[in-house]
Amino acid sequence: MRIDHPTGGEIYGLRQLWKEAFGDTDGFLDAFFSTGFSPERCLYAGEGGTVAAALYWFHCSCDHKKIAYIYAVATDPDHRGKGLASRLMKQTHTRLKDLGYGGAVLKPAAGLFPFYERLGYETCGYITRFSADAADTPLPLRQITTDEYGRLRKSFLPENGIIQEGITLEFLSTFASFHAYADALVCANVQEQVVFEYLGNPHSAPGILAAFGIKSAEIPTPGDEIPFAMWHPLNCTKMPGHLGITLE
């Protein structure tokens, strides 16, 4: 079975595999394939026009080294149990190393930490989730652009945090918005009342929720309690820290 970058004719198969694996809507897939997708950042396994497995990656960085954030690893149900995902991952590592990436980072789905450990990954990013209820008085939040969020995020990240900007944030902006307060930075889907990333002072969270019109939420923030991301070294050995933004 051939593993390669898609050339265009595989887009339908990539979409069908994604829907089968993750259940996302056509609207979400339209946003991804128009905003976040690039053939150069995708590898698929297939033959005879079929797409049996696929994965994608985004550019990010840490400690001035380029890192690949691997995203949406999926195998068609008819091809599972054959080691295809492992083969695809290993070939991806080879390609990424040749392209000069220092390493690869990903957020495993529930139960898949052992699978990625067998491929040489180590847990690198932990988070804490804290509960917050909306305050009586909302804080004066500013909704900001993707570029401003990326710039401000660098100053809010803990030491050795993973920098994400550019296309990653542009795709994220298709289903989330970015907001800033004096001592906090937030990425959220206000309509679905989900906070994707919270950086800064946790004591500001109640006022921020009030500004969003969210009564209560479980809020993810940098911490040391919950395993969140995994790391595979390629051209460097220093393990990065907080990943924070994930697109799952």
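User: Which residues of H1 are buried, and what does "buried" mean?

Analyst: In H1, the buried residues are Gly-13, Leu-14, Arg-15, Leu-17 and Trp-18. Buried means under 20% relative accessible area, exposed means over 50%, and partly exposed lies in between (1.4 Å probe, protein chains only). The model is predicted: local features need pLDDT of at least 70, side-chain atom pairs count only at pLDDT 80 or more, and totals for chains, interfaces and linings use all residues. Residues are numbered from 1 along each chain as its sequence is written, and side-chain values use heavy atoms, without hydrogens and water.

User: What covers the buried residues of H1?

Analyst: The cover includes H2, strand S2 (42-46), strand S3 (53-62) and strand S4 (65-75). Helices (H or I, at least four residues) and strands (E, at least two) are DSSP runs, numbered from the N terminus.

User: Why is H1 called oblique to H2?

Analyst: The axes of H1 (residues 11-22) and H2 (residues 26-36) come within 11 Å and cross at roughly 135°. H1 is therefore oblique to H2, because angles under 35 degrees count as roughly parallel, over 145 as roughly antiparallel, 65 to 115 as roughly perpendicular, and the rest as oblique. Axes are lines fitted to C-alpha atoms, for helices over the stretch in contact, and angles run from 0 to 180 degrees between N-to-C directions.

User: Why does Lys-65 count as partly exposed?

Analyst: Lys-65, which is in strand S4, has 36% relative accessibility and therefore counts as partly exposed.

Notes
Contact means heavy atoms within 4.5 Å.
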